[in-house]
Amino acid sequence: MSIYLLEVGTEELPYKFIPQAIEQLNSGFTSFLNDNKVKFTDIKVYATPRRLAVIIDGLDDKTADEEKIIKGPIKNVAFDDNGNLTKAGEGFARKNNLTKDDLYIEDNYVHAKIIIKGMSIAELLKENVPSIFMKLQGAHFMRWGYNDEKFSRPIKWIVSILDNQEVKIKIIDKESSIYSRGHRFSEQNVEISNPNNYVEALRKAHVIVDQNERKELIVKRAKETAAEIDAEPYYTDDLLEEVTFITEYPVPALCEFDPRYLDIPEEVTVTVMASHQRYFALYKNSKLTNKFITMTNYLGSEFENIKAGNLRVIKARLDDAVFFFNEDTKKPLINFVESLKGVTFQKGMGSMYDKTQRLMTLSNAIAKDLGIDSKDVERTANLCKADLTTNLVFEFTELQGFIGADYARVSGENEKVVQGIKEHYFPLNAESETAKGIEGQIVGIADKIDTVCAVFAAGKKPTGSSDPLGVRRAALGVIKTILDANLKIDIDKYIKEALKLLPVKRDCADEVNDFFVQRMIIFLSEKYKKNALEACSAKNPLKDVADYVERVKTVQTMNSQTLIENANRVIRILKDEANSNVSETYFKEEIEKILYKEVIAITETNDYKKYLASLEALNPTVTKFFEDVLVMDKDENVKKNRFALLTLLKNKYEHLTDFSKV
């Protein structure tokens with residue numbers, strides 16, 4: 001078994017491209033090996049800002065020999081009357097390096113079995129590796145120097161080794177060698193004698209090539225440095241990934257800024273550090289401190305210049321934040337609402353002020369249906385978008401809602417409104433928390449429904465490659481909020497209400513409804529069976545999402561095949577029949593009376609486990625009904641009455657689910 005290493009060194013790659021490159025290289029080499037029927041045990045892809053590397057272990061020495069049947073001319077063309085090869089037959093044999101004895105006749109055609117010898121893995125790699133690498137795709141690829149080929153950044157060196165032998169390749173204008181390069185401040189000519197030594201050889205040259213190891217090291221060193229002052233580092237997955245892909249040898253440096261900057265909203269300070277400067281904010285006893293960690297890509301022991309440089313940068317950013325905060329808070333948050341008239345929501349759908357008015361109407365209606373005092377809900381809806389016209393949100397757009405909440409607190413708004421303004425944007429992504437307060441829940445639901453309806457009414461519904469205004473996330477946010485808070489909200493009703501409030505009138509309620517249902521099924525399919533979700537969606541699930549989920553839970557545990565068969569038999573017989581007015585006068589058989597009595601005795605409860613048991617109890621009677629009764633009776637009145645009886649039964653089945661989809 002052999003092991004192969006490819007390392008392509010570059011100038012600093014954009015950090016967002018690196019995870020894409022890792023995935024593409026893994027799938028590209030996997031497909032290449034599988035397509036060529038080359039066995040291997042493992043593929044590892046490593047990446048730093050200055051290199052992309054692939055190590056393939058457990059490779060066969062060569063591709064397997066392949067047996068192939070080839071078809072030649074028709075028998076009468078390949079052989080003459082004496083059984084000798086004709087010119088055509090000789091040509092076929094010569095072309096494939098065959099003799100007359102290698103040929104045989106099948107289905108009146110000449111055939112031959114040939115063996116295609118396997119290719120050495122070294123030759124196969126040499127021929128294919130450059131093209132696999134050049135299939136990488138990413139944003140802003142461009143030509144470098146005088147080359148016609150495009151790549152993310154100029155290629156500086158290439159290492160290509162199979163076991164302890166170089167496999168000579170060329171990518172764009174660079175030829176491979178056995179020499180890699182270490183950290184910029186470390187050894188530059190690192191000889192790689194064998195792929196097995198690659199990771200350790202570069203570690204000695206101060207490069208941690210394994211991104212997962214590097215990520216763990218960043219967290220470990222950040223926590224150790226923070227512990228020196230009894231603090232804890234704050235970081236998000238996005239921050240951790242970015243720092244991982246902008247460093248080759250992460251070394252923490254503890255810095256600090258003037259404590260006066262802690263007077264501005266905490267979210268602003270943390271955002272400046274994390275999102276804008278890639279710093280790790282530090283918390284002590286759950287309170288933000290004026291210290292932070294910057295993860296350097298530095299090998300020395302003298303950090304004073306680094307600390308001073310970082311302090312200058314963060315001071316400038318925080319000075320801007322202080323100025324904007326002071327300017328914004330000179331007037332109460334309510335005074336910013338009028339300015340929303342100058343902010344477009346989306347073309348044809350009015351301004352953000354118009355949207356705010358719609359949210360107030362929709363939120364009041366939801367609050368009324370839930371039996372909630374609408375005073376704080378309406379105030380939250382009125383103020384929830386006001387911070388969009390503030391200086392601070394203009395500078396830090398990702399903090400909309402958070403800034404509004406802080407400004408509302410400064411303006412003297414009550415805490416429910418403050419919380420509602422912040423939480424109405426929740427959940428911020430698929431994994432984040434939903435709103436805890438009822439004000440944020442109601443206004444958030446109204447906001448997201450309005451956004452989805454506006455996009456559909458404008459004829460811009462999402463496609464596979466576009467998601468206008470993030471409507472997929474918005475729909476999912478509505479579903480998650482309702483389920484987490486156990487709210488009884490008729491989404492279908494508010495879709496129709498939201499569409500009425502829009503300036504553009506378009507009848508697309510069914511489209512929006514279907515969109516919400518599909519997003520809900522996709523979201524819940526991680527937890528529940530897909531067929532149960534789809535079967536239960538036949539009865540409009542948006543009327544009561546919590547009720548829908550309870551039906552799904554029951555249906556996916558159902559194990560009565562007899563019930564499913566009986567229900568589907570009823571569905572097939574009835575088709576579009578809808579009349580359920582049964583007259584006992586037209587009963588001819590005793591089993592009809594029994595079935596009717598048992599069906600009307602079933603109460604359509606929302607205790608679905610109990611309801612399922614009552615449907616299963618019907619099985620013997622339904623089975624006997626079909627054994628004893630011919631539904632298509634010659635007497636038209638009797639036939640119609642039996643249809644009505646089965647329609648009544650079908651309605652009972654449909655209270656739980658659409659059995660035809662189970």
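The protein has 25 helices and 18 strands; both are DSSP runs numbered from the N terminus, with helices being H or I over at least four residues and strands being E over at least two. Its radius of gyration is 35 Å, well over the 26 Å that the globule rule gives for 662 residues, so the protein is more spread out than a compact globule. That radius is taken over C-alpha atoms, and the globule rule is 2.2 Å times the number of residues to the power 0.38. This is a predicted model, in which local features need pLDDT of at least 70 and side-chain atom pairs count only at pLDDT 80 or more, while totals for chains, interfaces and linings use all residues. Residues are numbered from 1 along each chain as its sequence is written, and side-chain values use heavy atoms, with hydrogens and water left out.

**The whole chain**

- Taken along the principal axes, the C-alpha atoms fill a box of roughly 105 × 95 × 45 Å.
- Of the 662 residues, 49% count as buried (buried means under 20% relative accessible area, exposed over 50%, and partly exposed in between, with a 1.4 Å probe and protein chains only).
- Among contacts (heavy atoms within 4.5 Å) between residues at least 6 apart in sequence, 69% join residues at least 24 apart.

**Helix pairs to find**

- Start with α13 (residues 402-410) and α14 (residues 415-423), which pack at an angle of about 165° with their axes 7 Å apart. Axes are lines fitted to C-alpha atoms, for helices over the stretch in contact, and angles run from 0 to 180 degrees between N-to-C directions.
- For α6 (residues 211-227) and α7 (residues 237-244), the axes come within 9 Å and cross at roughly 115°.
- Q211, R214, K215, I218 and V219 in α6 meet L240, V243 and T244 in α7, a contact of 4 nonpolar, 2 polar and 2 charged residues.

**Buried spots towards the end of the numbering**

- C536 lies in helix α19 (residues 530-536) and is buried, with a relative accessible area of 0%.
- Not counting residues up to four places away in sequence, C536 touches Y548, R551, V552, V555, L656 and T657.
- C536 and D101 are 435 residues apart in sequence and 67 Å apart in space, C-alpha to C-alpha.
- T554 is found in helix α20 (residues 545-555) and is buried too, with a relative accessible area of 5%.
- Leaving aside neighbours within four places in sequence, T554 is in contact with Y608, K609, L612 and L656.
- Helix α24 (residues 619-628) has N619, T621, V622, F625 and F626 as its buried residues, and these pack against α21 (561-574), α22 (590-600), α23 (608-617) and α25 (636-656).

Notes. Ala, Val, Leu, Ile, Met, Phe, Trp, Tyr, Cys and Pro count as nonpolar, Asp, Glu, Lys and Arg as charged, and the others, Gly among them, as polar.
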